[in-house]
Amino acid sequence: MTKTKFGYKEINSSSKPEMVNNIFTSVSSKYDIMNDLMSFGLHRGWKRQFLRICDLSSVNNALDIACGTGDISLGIIQKNPSIKLTCLDPNQEMIEFCKQKLLNKGFSKINFEIKSVENYKPKNKNYDLITVAFGFRNFTDHKKALVNIYNILKPGGRFVILDFKKPRNNFYSNLFKMYTLNVIPKLGKLVANDEDSYKYLGESIQTYFSPDEINDMLKENGLINTKVINLIEDVATIHIGYKS
Ligand SMILES: C[S@@+](CC[C@H](N)C(=O)[O-])C[C@H]1O[C@@H](n2cnc3c(N)ncnc32)[C@H](O)[C@@H]1O
């Protein structure tokens, strides 16, 4: 039986999708407000920078993996309404919030896929842009996910990831650790009445791959011209890779 990380716990890989899914079901209604509170609004700037790097003017078909409540999906379609967009997420509740967010802004011709990226193997579909914001950390089988992503990326297509990282400076890293492991769960309890889900969030950041490890994974899975961009606060990175 293969094992995987779930925060600080080692669990059977087969249990992780359901455990992650339960977390996002529980936090879905408070997800957006919690993002603003936990990051002091900084996630909005990170997402704007991420969208700039996606170079949306040249994109025809885009896939937003782990779309969640749809911040990135909305940004993509607002910046270039001619893009054929697919939003993918295994969590029914999160994707419903995404659908509603897009509809409220007048975007109704979006394709939604309720499934994990590990199970997404569409025939006759390929994308010139594939995005994952704050979702890569939650995948169960990164190898399987990257094989699927590579197979549906067009030659010349771009794959872009945004996620947390640990700061490089020791003092700042300890401060960030204290904040993610102690303050965020308390905030989760106060705002979303859910301490455990936000405890998982902190732990999943602390046990996540380093930017170099992710960069190596992208290269090992066939992506070229990979690049790592450390965001200014040094708690998040953007990864880019292309299919040749
Ligand atoms: C932290 S949210 C990110 C939402 C959004 N992209 C954002 O930036 O606000 C992570 C999302 O990843 C989804 N997710 C978890 N495991 C996944 C998987 N294996 N494949 C695709 N999405 C997954 C969850 O359901 C959740 O909606």
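Some housekeeping before I go on. The model is predicted, so I kept to pLDDT of at least 70 for local features and 80 or more for side-chain atom pairs, while totals for chains, interfaces and linings use all residues. Residue numbers start from 1 along each chain as its sequence is written. Helices (H or I, at least four residues) and strands (E, at least two) are DSSP runs numbered from the N terminus, and two strands pair if DSSP finds at least two bridges between them.

Strand 8 runs antiparallel to strand 9 (residues 236–242), joined by 5 bridges. Lys-227 has Ile-240 in strand 9 as its bridge partner.

Then I turned to the ligand. I count a residue as near if its C-beta atom, placed from the backbone, lies within 6 Å. There are 21 residues around the ligand, and Ala-66, Gly-68, Asn-91, Ser-116 and Ala-133 come nearest. Helix 1 (16–27) and helix 4 (71–79) each supply at least two residues of this shell.

Last, I looked at helix 4 again. In helix 4, Ser-73, Leu-74 and Ile-77 meet Cys-98, Lys-101 and Leu-102 of helix 5; contact here puts C-beta atoms, placed from the backbone, within 7 Å.

How values were computed: Two residues are in contact if their C-beta atoms, placed from the backbone, lie within 7 Å.
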